[in-house]
Amino acid sequence: MTQDRKRQQEPIRLLVDLLAEDILAASDAEMHEDDDDPDRAASDMRGLFERALILSNKSRLAAARAAVAAERQSRGATPTIDIADARRQLRNALTRKDRPLTMAARNENELSDADVIGLVQDMRELGILPSDDESDGH
Amino acid sequence: MRLTHAEQLLQELGVTEPGEIDLESIAHYVGAKVRFRKLEGCEAHIVGGADRAIITINDRSSSRRSRFSIAHELGHWRYHRGRQLVCRVDDFHPRTVASPERVADSFAADLLMPHYLFKPLARRHAKLTFKAVDALAAEFKTSRTATAIRLVESDHSPAVLVCHGQKGRKWFTRAPSVPERWFPREELDAQSFALGVLFGKIGEDAHPRRVGADAWFDRWDASDFEVYEQSIRTGDGEIVTIVTVGDSRMLREEDRGYSRFC
């Protein structure tokens, strides 16, 4: 989780913690004050706690949704890549063992030119391959 | 019931309704971006480093197909990080051989149709029919086939789901309550209504139809029972049939239960 996301959730987490502290600090008499049925009181408290926790968890999804929308708006144009160079870079990336690479795709020789270029662009964005500017110097 | 990893992830995000299963946001939460662009020769792929990944989905795929593809690639991201796999995202169907694709499919099914949401909604439907399948598929934004598989495997009713092409049976799955001795026939039987649906002689079944169990199961005692069948077309020259067991004697364990000689 990113620091930003953690900060966004902090107020809700504090609320959940306060609620939990309140419940734990209450005496038996206080817990039974408004309700003579201890099972029902416990169940009500559990329900309240669960609802607060779900609300807190939903804020993670809301934060992710906002980040996806922001990312969509900020996406820029992608540079053009020579296909022969792109295939060479992709083959190199697939054979290198010095950094973790996750890939689930067709074999390189089964991929169309457009698909290879797309993969190389993705790898550059992820830092798996050097960016266009960096590779020019080599 | 123990939650699967996909279900735990959904709960971590406070998902309490099918409409909240926003796959791009879920992907972002686990460090993956989703991109849509024209792909030639495959539906989707994923490329990732140590903690970030990009999932690419064919922009010509239907929205339900895309959702399955994103969920499938997230399965690879969860279970196969740091590995290079040759992947072909097929339509979801039960796979018999253990493989990374099966693991990713299973993760996808749990992410798209988590049991803790699916089972209560499925229970609203008294009968296991394609009407129920379609209603659930609309709620979860999943394909008819994937939803039918989920519904059968969740043991809503004692049933077997069978897919046939023109060359015979392609795959099948059964509810846990149906004993393994009820193994569906390889070829469609002339008695079954499904044969007419497959070859376009009759339309899809609007309702289940009663038929002898021996039309579906090649067993010595099958002719003693009846089952209900309902078929739909799922592609060119392909049908999927729900075969529902209506006789509780078929569900008994063989050793202790019914025998035609007693």
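Start by clicking on B:E20: does it count as buried or exposed? At 18% relative accessibility, B:E20 counts as buried, since the cut-off for that label is under 20%. Keep in mind that this is a predicted model.

A:K58 and B:E20 form a salt bridge, with the closest N and O atoms 2.6 Å apart. A:K58 sits in helix α3 (residues 38–74) of chain A, while B:E20 is in the loop between α1 (5–12) and α2 (23–29) of chain B, so this pair joins two chains. At 23% relative accessibility, A:K58 counts as partly exposed.

Next, select B:R144 and B:D134, whose side chains meet in a salt bridge at 2.8 Å, N to O. B:R144 is partly exposed at 27%, and B:D134 is partly exposed at 30%.

Hop over to B:R219 and B:D221. Their side chains form a salt bridge too (2.9 Å, N to O), and both residues are buried. Then pick A:E71, A:E125, B:K33 and B:R35 together: salt bridges with shared partners link them into one network. Over all chains, the structure holds 23 salt bridges.

Finally, zoom out to chain B. Colour it by secondary structure and look for eight helices and nine strands. Its radius of gyration is 20 Å, close to the 18 Å that the globule rule gives for 262 residues, so chain B is as compact as a globular protein of that length. Buried residues make up 54% of the chain.

Notes:
Residues are numbered from 1 along each chain as its sequence is written. Chains are lettered from A and ligands numbered from 1 in the order in which they are written. This is a predicted model: local features need pLDDT of at least 70, side-chain atom pairs count only at pLDDT 80 or more; totals for chains, interfaces and linings use all residues. Side-chain values use heavy atoms; hydrogens and water are left out. Helices (H or I, at least four residues) and strands (E, at least two) are DSSP runs, numbered from the N terminus. The radius of gyration is taken over C-alpha atoms; the globule rule is 2.2 Å times the number of residues to the power 0.38. Buried means under 20% relative accessible area, exposed over 50%, partly exposed in between (1.4 Å probe, protein chains only). A salt bridge is a side-chain nitrogen of Lys or Arg within 4 Å of a carboxyl oxygen of Asp or Glu.
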